[in-house]
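Subject: Handing over the structure

Dear colleague,

I am passing on the structure we spoke about, so please open it beside this message and follow along. My notes on what was found come after it.

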Amino acid sequence: MNARTEPAAAEADASARPPLVRELLLVAGLFLVYKFGRQLATGHTAEAFADAGSVWHLERAVHLPGEGSVQDLLLHGDTLVHVANTYYATVHFPATAAFLVWLYLRRPAHYVWARRVLAAVTAAALVVHLVFPLAPPRMLAATGLIDTARVYGPSVYGPPQTDHLSNQFAAMPSLHFGWALMVAVGLIVATRSRLRWLWLLHPLLTLTVIVGTANHYWLDAIVVTVMLGIALALIHPPHRTATTAGRAGGQLAPTEENVLVGAGR
């Protein structure tokens, strides 16, 4: 990028970046809605287990692979399953927060887009949590799966009857997977590296973890993928435009690479 286009890109960055204090308050507000909204779905134990049985039988009817095959892979060694439990407990929020911070600083137009998509998917997921409480497979005896976090640690959940910090009957859809998939999609769209497709390893690893630890069914991930797809279809990322330099010295200057509108290089 030449000197004439760099100030323009910097100016576009400044105009696209929302005020920091407003964004901090907005993201904090969304997080509180997420946490307290999940609490509204508590107390539906019988309904959650009935729905779990329906999901489990539906998966078998459509011949989805058994979640147990993934768990068996993790149970080959205590270290592997412990790492999976740790990943489940510690990566979800920090990875998403780091993604948003990086976009805010380096790709502000993409930040606004990603924040809107995540907010839309999360809001829709909370509605599903309310109308379709679902016990995770680790609680359903018919699955034959074990609660790896309880057996091998670490665990982020206590007994459902006394756990007031989380709604353990909010398995459908899986925001663990939905957020991880959006992180990958967002970084692929916002960056130009040939290796950017490797970001898909994050949702793939997350899917392995959430299924293998018996915290989610396959359908939890499928449903949130559909929801994310709808959100991405309705909320479009910044467009790429081609800019060309004018003629210099009687010769046409080289064409600039596509530049992300409102995003820095």
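I begin in a loop: alanine 214 is found between α10 and α11, where helices (H or I, at least four residues) and strands (E, at least two) are DSSP runs, numbered from the N terminus. Alanine 214 has a positive phi of about 65° although it is not a glycine, and with a relative accessible area of 0% it is buried; here buried means under 20% relative accessible area, exposed over 50% and partly exposed in between, with a 1.4 Å probe and protein chains only.

Before going further, please keep in mind that this is a predicted model, in which local features need pLDDT of at least 70 and side-chain atom pairs count only at pLDDT 80 or more, while totals for chains, interfaces and linings use all residues. Residues are numbered from 1 along each chain as its sequence is written, and side-chain values use heavy atoms, with hydrogens and water left out.

As for the whole chain, it holds 11 helices and four strands, and 43% of its 265 residues count as buried. If we look at contacts (heavy atoms within 4.5 Å) with a separation of 6 or more, residues 24 or more positions apart account for 80% of them.

As background, most residues other than glycine have a negative phi, and most peptide bonds are trans.

Which peptide bonds are cis, with omega near -10° in one case and about -5° in another? The bond from glycine 153 to proline 154 is the one with omega near -10°, and the bond that joins methionine 172 and proline 173 is the one with omega of about -5°. Proline 154 has its place in the loop between α8 (148–152) and α9, and proline 173 is found in the loop between α8 and α9 too.

Valine 156 also lies in the loop between α8 and α9, and at 45% relative accessibility valine 156 counts as partly exposed.

Turning to how the helices pack, the axes of α7 (residues 108–131) and α11 (residues 218–234) come within 9 Å and cross at roughly 135°. Axes are lines fitted to C-alpha atoms, for helices over the stretch in contact, and angles run from 0 to 180 degrees between N-to-C directions. That angle makes α7 oblique to α11, since angles under 35 degrees count as roughly parallel, over 145 as roughly antiparallel, 65 to 115 as roughly perpendicular and the rest as oblique. On the α7 side Trp113, Val117, Val121, Ala124 and Ala125 take part, and they meet Val224, Met227, Leu228, Ala231 and Leu232 in α11. By class, this contact of α7 with α11 has 10 nonpolar, no polar and no charged residues, where Ala, Val, Leu, Ile, Met, Phe, Trp, Tyr, Cys and Pro count as nonpolar, Asp, Glu, Lys and Arg as charged, and the others, Gly among them, as polar.

In another pair, α9 and α10 pack at an angle of about 170°, with their axes 8 Å apart, which makes α9 roughly antiparallel to α10. The residues in contact include His176 and Phe177 of α9 and His202 and Pro203 of α10, and the contact divides into eight nonpolar, three polar and no charged residues.

Finally, there are the nonpolar cores, each a set of buried Ala, Val, Leu, Ile, Met, Phe, Trp, Tyr and Cys residues joined through side-chain atoms within 4.5 Å. Of the 36 residues in the largest core, Phe99, Ala114, Val117, Val121, Phe177, Met182 and Leu207 touch the most other members. The helices that each supply at least two residues of this core include α7, α9, α10 and α11. A second, separate core of 13 residues includes Ala135, Ala171, Met172 and Tyr217.

With best wishes
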